[in-house]
Amino acid sequence: MTCDAIVVGGGVIGLTSAIVLAEGGRRVTVWSRDPAGRTTSAVAGGLWWPYRIEPEEQVAAWSVRTLHTLTALAERPAETGVRLVEGTQAGIGTRDLGAWAAAVPGLRPARPDELPDGLTLGLRARVPLVDMDTYLGYLRRRLEAAGGTVEERAVTSLGEARRAAPLVVNCTGLGARELVPDAEVHPVQGQLVVVENPGVEEWLGAVDPHSPDTLYMLPQPYGLVLGGTARENAWSLEPDPATAKAIVARCARVHPRVAHARVLAHRVGLRPARSRVRLEPEELPGGGACVHNYGHGGAGVTVAWGCARDAARLGGLAVE
């Protein structure tokens, strides 16, 4: 064996887990079926905010750890892709949030003039907003600087990875449905539209966890990201023109100039949802240590660093 750990999965959860292990002194290789730019993480809007993820108590700790890490990375936005951006989460109050809310500096109720028409409740906060293309590139460079490597390689079984290293960290997201296998993992399809930014400087979210239609606007360096959808058990990766039109219309009701903005891209991603994140060790058939770290739904960016540290601890690495 030429390495200490194989991390299976090259999205934000896998790369972050590999970094924590490599910076802790382990020889790490990431096996990823797809390059980072074709993973689910590449399609993510990139806003730090716990969304569609359980269990609540652990999510709070993972989110706060990640908030602190991303806030530090925001000091170098050109390098890392992370910025701190002011914005509004509409339709909720502080009583709707978990324990993580106490760690968000400046979180406060929104004034009526800061809310979209028709909504009387909301919160204001300055939180990390991540340009995923830049961020995934930063993560890979950071991993390589710590001695880790990335191989594009399809994995047919966790046992295959176990034969290459004494520790396997399973960060395969939706792929865990077949690889583990774990039938509880299922897709929550998200469609978004990227348009030329007509001057929107703050992010906005108005997400109903019980509706397949959501509203968010995220100003990124490459354009304004408009969303979105949250469709359970929808597997298609093809953008639907009618859905895209409805997304633009919802956002244009808040910022009318969006209606006439030039469309730059249509994107669809499948969030790897589960009733609760699976972050636990397991002995593989035939022997060998595995740490599962998957099922983060729409909050992979939000909890990645907290989950990575817990996964490393479960794999026998002493981390802060």
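Trainee: At what angle do helix α3 and helix α9 pack?
Mentor: Keep in mind that this is a predicted model. To read helix packing, look at the angle and at the spacing of the axes. Here α3 (residues 56-73) and α9 (residues 300-314) pack at about 105°, and their axes are 6 Å apart. Angles of 65 to 115 degrees count as roughly perpendicular, so that is how α3 sits relative to α9.

Trainee: Which residues in α3 and α9 meet?
Mentor: On the α3 side, V59, W62, S63, R65, T66, T69 and L70 take part. Their partners in α9 are V301, T302, V303, A304, W305, G306, C307, R309 and D310. By class, this contact has eight nonpolar, five polar and three charged residues.

Trainee: How much space lies in the second largest pocket?
Mentor: About 240 Å³. Next, check what lines it. There are 16 lining residues, and E114, P116, L204, V254 and H255 are the closest to the pocket's centre. Strands β3 (82-90) and β9 (203-206) are the elements that each give two or more residues to that lining. Sorted by class, the lining holds seven charged, six nonpolar and three polar residues.

Trainee: How many aromatic pairs does a search of the whole structure find?
Mentor: Four. For each pair, read the centre distance and the angle between planes. Take W48 and W100: their centres are 5.5 Å apart with 85° between the planes, an edge-to-face pair.

Trainee: Which parts does the pair of W48 and W100 tie together?
Mentor: W48 is in the loop between α2 (40-43) and α3, while W100 is in the loop between β3 and β4 (108-109), so the pair links parts 52 residues apart in sequence.

Note on methods
Residues are numbered from 1 along each chain as its sequence is written. This is a predicted model: local features need pLDDT of at least 70, side-chain atom pairs count only at pLDDT 80 or more; totals for chains, interfaces and linings use all residues. Side-chain values use heavy atoms; hydrogens and water are left out. Axes are lines fitted to C-alpha atoms, for helices over the stretch in contact, and angles run from 0 to 180 degrees between N-to-C directions. Helices (H or I, at least four residues) and strands (E, at least two) are DSSP runs, numbered from the N terminus. Angles under 35 degrees count as roughly parallel, over 145 as roughly antiparallel, 65 to 115 as roughly perpendicular and the rest as oblique. Contact means heavy atoms within 4.5 Å. Ala, Val, Leu, Ile, Met, Phe, Trp, Tyr, Cys and Pro count as nonpolar, Asp, Glu, Lys and Arg as charged, and the others, Gly among them, as polar. On a 1 Å grid over the protein atoms alone, a cavity is a set of points where a 1.4 Å probe fits but cannot get out, and a pocket is an open set with protein on both sides within 12 Å along at least five of seven lines; lining residues have an atom within 4 Å of a point. Grid points are joined across faces, edges and corners, and a volume is the space filled by probe spheres set on the points. Rings of Phe, Tyr and Trp (its six-membered ring) pair if their centres lie within 6.5 Å; planes under 30 degrees apart count as stacked, over 60 as edge-to-face and the rest as tilted.
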